[in-house]
Amino acid sequence: MPAITPERWTDLPRIAESADALERPVVRLTTAPSLLEGAGFPVRRPFPSRDIGFREADPFLLLDHMGAVEYGPGEAKGAPWHPHRGFETVTYMIDGVMRHRDSQGGGGMITDGDTQWMTAGAGILHDEMPPEDLVAKGGLFHGIQLWVNLPRALKWTPPRYQSLEASHVTVVASARGDALVRIIAGEVGGFRGPGVTWTPITVIHASLEPGARLVLPWPQEFNAMAYVLTGSGDVGPNHVLIREGQGVLFGSGQSLRVTASQAPAGPTGRMEVLILGGQPIREPIASYGPFVMNTHAEIVQAFEDYQSGKMGQIPATDFRPS
């Protein structure tokens, strides 16, 4: 797994466990359905779903698990130019490479543990496409895209782009040294990730050796979710079994626990899990396609602004004679 993985986890700083912390129970379990996104690439979407909706996931809006898939020549697809308003998109590439561009001039290649964090805010156009050599030759592709809501007061903030290279991610170990914790954004156990967020959130990619236990302190005012990228294990004090493609919503408490199976399976031989949570915004959500606002009238306005070019223009070099 190219996502940043130091050789000696036991040499890393460790997140202390608290014996007195109230552990969060699992209150919802969901199996992510598969669907096609963009120009037709497959994703698994644990939320929003019947089990974990906008209210439960707040401040998160959507999680898409892309791959892992081994593309053949000519098979790789992406998401051509499209608009966004009212939230942030976070693309984390575990394996493979994706090219991002936007109408503000932001972008670049996202690969092997890199994160692209785009604040759409008042409105922006962007595309996320596989580079030409991946399309031509094929190859491994594995990543996630997360949508983070913005509160009403920040939905009109100017667009912003952050490129978070894998080497900038904060990497620590579990108390026993048998789990690796990559902090992309937010803070856990006194360690902070590099992502600058408008909405208070924490986003973590953890790797657990067979039988490893990961216990993380978690702010009581945050919600908490976990999604298994590969492998299997159990979560919470009620030991809910969970495997690749499944996610859980935790209840209230001060810490959360993930334990890997003795034989997690999966391509890395470890349990790979995304752990995330944030402070709920608790505002009305009006959502349609690429726009997330507070009222239907604001959605209508978003379409009008997009059609009139107020969210930016596709670069002229992308228009080719038919």
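Tyr-288, Phe-291 and Phe-303 are linked into a cluster by ring pairs. This comes from a predicted model.

How is a pair of rings described? A pair of aromatic rings is described by the distance of the centres and the angle of the planes. The count of aromatic pairs in this model comes to four. One of them joins Tyr-288 and Phe-303, with 5.7 Å from centre to centre and 65 degrees between the planes. That pair is edge-to-face, because an angle over 60 degrees counts as edge-to-face.

Now place the two rings along the chain. Tyr-288 belongs to strand 25, residues 286-288. Phe-303 belongs to helix 3, residues 296-307. They are 15 residues apart, and the pair links distant parts of the chain.

Are these residues buried or exposed? Tyr-288 has a relative accessible area of 55%. The cut-off for exposed is over 50%, so Tyr-288 is exposed. Phe-303 has 27% relative accessibility. That value lies between 20% and 50%, so Phe-303 is partly exposed.

Next, turn to His-142. This residue sits in strand 11, residues 139-149.

What does His-142 touch? Neighbours within four places in sequence are left aside here.

Methods. Residues are numbered from 1 along each chain as its sequence is written. This is a predicted model: local features need pLDDT of at least 70, side-chain atom pairs count only at pLDDT 80 or more; totals for chains, interfaces and linings use all residues. Side-chain values use heavy atoms; hydrogens and water are left out. Rings of Phe, Tyr and Trp (its six-membered ring) pair if their centres lie within 6.5 Å; planes under 30 degrees apart count as stacked, over 60 as edge-to-face and the rest as tilted. Helices (H or I, at least four residues) and strands (E, at least two) are DSSP runs, numbered from the N terminus. Buried means under 20% relative accessible area, exposed over 50%, partly exposed in between (1.4 Å probe, protein chains only). Contact means heavy atoms within 4.5 Å.
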